Amino acid sequence: MAKSNVGKKPISEEEYTTNKVLTVFSVCLLGVLVLMILQRLLNYGSTFMIGLIVTRILLAIGIIGVVGGLVMLGMERTGRRNGSRRIICGRNLLIASVVMTVCMSAISYIGIAPIKALYVILPVLAVFYLVYHSYSTEFFVITVDCGAALGMMWLVHRALVSSNFTWMAYAVLIAAAVLTVAQIAVVHSVRGRQGKAKNTGKKAEARFSSNAFLMMTVTPILMAVLTAVVLLAPTHMIVVMGVAAAYLFVTAVYYTVKLM
């Protein structure tokens with residue numbers, strides 16, 4: 001009797017996207033928990049060597065993951081392995097391993113200072129990933145603008161309170177201005193092509209609402225202005241950051257309602 005060709009039902013695109021978002025959130029949460037344990041080990045002299053050993057072990061695992069991701073990616077490119085709609089594929093393994101390797105390398109050479117930054121970076125990346133897959137392209141751009149601006153405001157404040165790094169505050173403001181001009185240029189270019197962008201020789205059409213280009217133009221300008229206000233009035237940093245957060249919240253409510 002011939003073997004049945006009926007196999008497992010292929011996973012849908014919606015289910016695959018949901019699994020990716022849940023996996024990213026789980027990995028980021030696990031990363032934060034591991035970092036908390038690692039910081040406690042490195043904080044005390046009696047457990048410092050254990051923390052250092054754990055850091056090196058995690059670094060080695062990251063390097064092995066990078067090699068494994070490259071091998072798996074090569075197999076997928078040559079057709080020896082199907083990586084379509086799989087959570088564990090060459091690209092995903094490579095990205096996760098590179099991030100892990102970079103983080104552990106920074107901790108090994110700098111100390112526990114990068115851990116405090118990663119407490120914020122990892123959850124923010126998870127939220128960005130959720131927004132990217134759940135909302136329209138324009139709101140993802142707005143979210144990144146607001147997140148980057150809040151980070152720049154914090155950098156400006158930290159630079160101003162340090163007598164040795166005051167110059168960094170002005171460098172951050174210049175970077176904000178450059179990024180604003182670059183985004184406006186890209187938005188104008190995409191608008192000229194009516195929302196179509198070239199991607200490996202093909203045209204991909206993004207979903208934009210009627211006021212999308214206005215929002216993607218106004219938002220970076222507003223965030224750059226707020227960053228400049230922090231530089232000029234550092235004592236009002238909390239208020240300015242609150243304004244940026246409120247702007248993001250209002251736009252989030254607006255685009256969430258549009259999804260309903």
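Predicted model: local features only at pLDDT ≥ 70, side-chain atom pairs only at ≥ 80, totals over all residues.

Residues are numbered from 1 along each chain as its sequence is written, and side-chain values use heavy atoms, with hydrogens and water left out.

The chain has eight helices and two strands, where helices (H or I, at least four residues) and strands (E, at least two) are DSSP runs numbered from the N terminus. Read along the sequence, their order is α-α-α-α-α-α-β-β-α-α. Of the 260 residues in the chain, 30% are buried; buried means under 20% relative accessible area, exposed means over 50%, and partly exposed lies in between, with a 1.4 Å probe and protein chains only. Among contacts (heavy atoms within 4.5 Å) between residues at least 6 apart in sequence, 67% join residues at least 24 apart.

A nonpolar core is a set of buried Ala, Val, Leu, Ile, Met, Phe, Trp, Tyr and Cys residues joined through side-chain atoms within 4.5 Å. The largest such core has 23 residues, of which Ile-142, Met-153 and Met-223 touch the most other members. The elements that give two or more residues to this core are helix H5 (137-160), helix H6 (166-192), helix H7 (212-232) and H8, and the largest share, eight residues, comes from H5. Leaving aside neighbours within four places in sequence, Ile-142 is in contact with Met-215, Thr-219, Tyr-247, Thr-251 and Tyr-255. A second, separate core of 14 residues includes Leu-59, Met-104, Ile-107 and Leu-122.

Helix H3 (residues 90-110) can be checked for its length, because its 21 residues at 1.5 Å a residue should span 30 Å, and its end C-alpha atoms are 30 Å apart, which agrees; the expected span is 1.5 Å times one less than the number of residues. In H3, Gly-90, Leu-94, Ser-97, Thr-101, Cys-103, Met-104 and Ile-107 are buried, and the buried residues of H3 pack against helix H1 (13-43), H2 and helix H4 (113-134). After H3 comes Gly-111, whose phi is positive, near 120°. Met-104 and Ile-57 are 47 residues apart in sequence and 9.2 Å apart in space, C-alpha to C-alpha. Ile-57 belongs to helix H2 (residues 48-77) and counts as partly exposed because its relative accessibility is 47%.

The structure holds one salt bridge, meaning a side-chain nitrogen of Lys or Arg within 4 Å of a carboxyl oxygen of Asp or Glu. The side chains that meet in it are those of Glu-76 and Arg-81, at 2.7 Å, N to O. Glu-76 counts as buried because its relative accessibility is 18%, whereas Arg-81, with a relative accessible area of 21%, is partly exposed.

On the surface, Phe-249, Val-250, Val-253 and Val-257 form a nonpolar patch with about 390 Å² of accessible area together. Patches are made of residues with over 30% relative accessible area and no salt bridge, with like charges joined within 9 Å and nonpolar side chains (Val, Leu, Ile, Met, Phe, Trp, Tyr) within 5 Å. Val-253 lies in helix H8 (residues 237-259) and, at 39% relative accessibility, counts as partly exposed.

How values were computed: Areas by Shrake-Rupley, 256 points an atom, 1.4 Å probe, with all protein chains shown as cover.
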